Amino acid sequence: MGTLGRAFYSVGFWIRETGQALDRLGSRLQGNYYFQEQLSRHRTLMNVFDKAPVVDKEAFVAPNASVIGDVQVGRGSSIWYGCVLRGDANSVNIGCGTNIQDNSLVHVAKSNLSGKVLPTIIGDNVTVGHSAVLHGCTVEDEAFIGMGATLLDGVYVEKHAMVAAGALVRQNTKIPYGEVWGGNPARFLRKLTENEMAFFAQSALNYTKLAQAHAAEHAKPLDATEFEKVVRKKFARRDEEYDSVLGDVRETQAELPLPKAS
């Protein structure tokens, strides 16, 4: 960002801060009528100066995920709850149909011992399991990264390769096509079968469909979600044995019409 861009950014920042200060002052002057609203400052998509995320309209980003800076997310990909994708010092590029599961971290490398500037590149239809850490690495199409795995700077995972859950893959390690690596430090374990490699694409597709369901739920208006809560509470079902112990006879109703979204 140039000098002029930084100047505009600073002016915008101080205008926003001034507005918040005036709001606080007005609230204090209200005395007994003072009410301080509790607002979350969390932003799912956040720029860093002129570096802004680019997320396809058909991708799903969970409301409490953080996609920051120079990050691109392709069509049909999903970024799940608690994930952090931080493209501040370099770029993060995620292809189409890829899922980054809950609490995973994707970051980049601006400098390291080898002196390389490393983005993080994740291809199409990749599955990244819960709580994985990917740092300045490359993962090709239809690879599989297990839960809790850590990929360090310069790691290269080829297509249809798998990193087992909990593995630590050291810097500049290359995991060839069709192999499973695991352990700490990660090492070759065995070859994948054709069925296992075919499953990777299916796993990614399953998550794309699941993400669509979550996106639809988050898109519901407040009145629809509140109405559904009432319906579920009134017609909650427990198993017959549980009901018989309580002597409970439950009212049954096949379906209730939900209000249409405006």
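The legends below describe close-up views of a predicted model.

**View 1. The second largest pocket and its lining.** The second largest pocket holds about 160 Å³ of space. Its lining is formed by Lys-57, Glu-58, Ala-59, Phe-60, Arg-75, Gly-76, Ser-77, Thr-208, Ala-211, Gln-212 and Ala-215. Helix 2 (residues 194-218) gives the largest share of this lining, 4 residues. Sorted by class, the lining residues are 4 nonpolar, 4 polar and 3 charged.

**View 2. The nonpolar cores.** The largest nonpolar core contains 39 residues, and those with the most contacts inside it are Ile-79, Leu-134, Val-139, Ile-145, Leu-151, Val-157 and Val-163. At least two residues of this core come from each of strand 3 (60-61), strand 4 (66-73), strand 6 (84-94) and helix 2. Phe-144, Leu-192, Met-197 and Phe-200 are among the 5 residues of a second, separate core.

**View 3. The surroundings of Leu-151.** Leaving aside residues up to four places away in sequence, Leu-151 touches Val-133, Leu-134, His-135, Cys-137, Val-139, Ile-145, Val-157, Val-163 and Val-169.

View 4. The peptide bond from Asn-184 to Pro-185 is cis, and its omega is near 0 degrees. Pro-185 is placed in the loop that lies between strand 19 (179-182) and strand 20 (187-191).

View 5. Asn-103, in the loop between strand 7 (99-100) and strand 8 (105-107), has a positive phi near 65 degrees. His-160 occupies the loop between strand 15 (156-157) and strand 16 (162-163), and its phi, also positive, is near 60 degrees. His-160 counts as buried because its relative accessibility is 12%, and buried means under 20%.

Definitions and conventions. Residues numbered from 1 in each chain as written. Predicted model: local features only at pLDDT ≥ 70, side-chain atom pairs only at ≥ 80, totals over all residues. Heavy atoms only, no water. 1 Å grid on protein atoms, 1.4 Å probe; cavity = no way out; pocket = protein on both sides within 12 Å on 5 of 7 lines; lining within 4 Å. Points joined across faces, edges and corners; volume = space filled by probe spheres on them. Nonpolar A, V, L, I, M, F, W, Y, C, P; charged D, E, K, R; others polar. Core = buried A, V, L, I, M, F, W, Y, C linked by side-chain atoms within 4.5 Å. Buried < 20%, exposed > 50% of the residue type's maximum accessible area, 1.4 Å probe, protein only. Contact = heavy atoms within 4.5 Å.
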